[in-house]
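Student: I would like to learn how to read a fold piece by piece. Can we go through one together?

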Amino acid sequence: MSQHDNEMHSAVVSPQGIWWKPANKQEMLWVKVAFAWCMVLFISMPFWHFKGGQNPTGVRGRTTPAAYNERATRFIEQYKVGEEKGIPVVAPPAGSEVYMIGRMWSWTPILKLKKDAEYMLHLSSLDLNHGFSLFPVNANFQVVPGYDYALKVVPNKSGEFKIICNEFCGIGHHLMVGKVIVED
Ligand SMILES: [Cu+2]
């Protein structure tokens with residue numbers, strides 16, 4: 001027992017440590033193994049760019065929220081086929097440019113797409129950063145105001161998919177759910 005065992009410690013009186021004693025051989029070995037593995041993963045980072053299919057397939061351009069809203073609204077009016085709870089349902093033809101608006105706290109419009117057809121899906125936000133997350137496919141993309149991201153998409157499964165916002169965007173974040181319908 002040392003004389004410190006019965007002492008009270010506080011923020012003013014720091015506790016006695018043993019940091020000056022060398023680490024155990026076994027512990028040192030694992031520290032080295034962990035560090036070496038970190039370096040392996042770090043060095044392999046550039047290769048993930050070529051393998052894994054996680055790079056965006058399209059182009060990026062500058063826009064403004066007003067200009068993007070104007071373009072997307074024109075797209076909605078052109079191909080609107082219905083409405084669900086105030087959100088327009090849009091069925092664009094295969095091969096067309098498709099516009100999706102992210103804003104607090106909705107995804108507009110609801111898209112009706114054809115299976116195996118190719119579309120250019122444009123994503124942008126009218127206010128702040130949102131996260132486009134297609135559920136349950138687990139396809140994720142950042143939706144940033146001022147940037148128009150156009151992604152080449154080919155739906156390969158029919159059914160109803162949900163778009164969830166995965167970037168916290170305020171009090172209604174959890175209500176920010178959109179929909180994509182893929183038909184055969
Ligand atoms: Cu959001």
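Student: Which residue is the bridge partner of Ile101 in β5?

Tutor: Start with the general idea. Strands of a sheet pair through backbone hydrogen bonds, either parallel or antiparallel. Here, Thr108 in β5 is the bridge partner of Ile101. Strands β4 and β5 pair in the antiparallel sense over three bridges. Two strands count as paired if DSSP finds at least two bridges between them. Helices (H or I, at least four residues) and strands (E, at least two) are DSSP runs, numbered from the N terminus.

Student: What should I know about the model and its numbering?

Tutor: This is a predicted model: local features need pLDDT of at least 70, side-chain atom pairs count only at pLDDT 80 or more, and totals for chains, interfaces and linings use all residues. Residues are numbered from 1 along each chain as its sequence is written.

Student: What is the strand order of the open sheet of five strands?

Tutor: The order is β1-β10-β7-β4-β5, and the pairing is mixed. The edge strands are β1 (59–62) and β5 (106–108), each pairing on one side only. Neighbouring strands of this sheet are turned by 20° against each other on average, direction ignored. Axes are lines fitted to C-alpha atoms, for helices over the stretch in contact, and angles run from 0 to 180 degrees between N-to-C directions.

Student: Where does helix α2 lie?

Tutor: Helix α2 lies across β4, β7 and β10, and runs at about 125° to β4. Its buried residues pack against β4 (97–103), β7 (119–125) and β10 (147–153). A contact means that two C-beta atoms, placed from the backbone, lie within 7 Å.

Student: Which residues of α2 are buried?

Tutor: They are Tyr68, Ala72 and Phe75. Seen down the axis of α2, these buried residues fall within an arc of 55°, so they line one face of the helix. The arc is that of the directions from the helix axis to the C-beta atoms. A residue is buried if 20 or more other C-beta atoms lie within 10 Å of its own, exposed if 12 or fewer, and partly exposed in between; C-beta atoms are placed from the backbone.

Student: Why do residues three or four places apart point the same way?

Tutor: An α-helix has 3.6 residues a turn, so such residues point the same way. Now look at the face of α2 turned away from its buried side. It carries the exposed residues Ala66, Glu70, Arg74, Glu77 and Gln78.

Student: How many Å should the 15 residues of α2 span?

Tutor: The expected span is 1.5 Å times one less than the number of residues. For α2 (residues 65–79) that gives 21 Å, and its end C-alpha atoms are 21 Å apart, which agrees.

Student: Is Tyr79 buried, exposed or partly exposed?

Tutor: Tyr79 is partly exposed, because 19 other C-beta atoms lie within 10 Å. Tyr79 is placed in helix α2. Leaving out residues up to four places away in sequence, Tyr79 touches Val90, Ala91 and Pro92.

Student: What do β2 and β3 form?

Tutor: They form a hairpin with two residues between them. Strand β2 (residues 80–84) and strand β3 (residues 87–90) pair in the antiparallel sense over four bridges. Glu84 stands opposite Ile87 in β3. Lys85, in the turn, has a positive phi of about 50°. Lys85 counts as exposed, because it has 6 C-beta neighbours inside 10 Å.

Student: Which strand runs parallel to β3?

Tutor: That is strand β6 (residues 110–114), joined to β3 by two bridges. In β6, Ile110 is the bridge partner of Val89.

Student: What radius of gyration does the protein have?

Tutor: The protein has 26 Å, but a compact globule of 184 residues would be near 16 Å. The radius is taken over C-alpha atoms, and the globule rule is 2.2 Å times the number of residues to the power 0.38. The C-alpha atoms fill a box of roughly 80 × 40 × 30 Å, taken along the principal axes.
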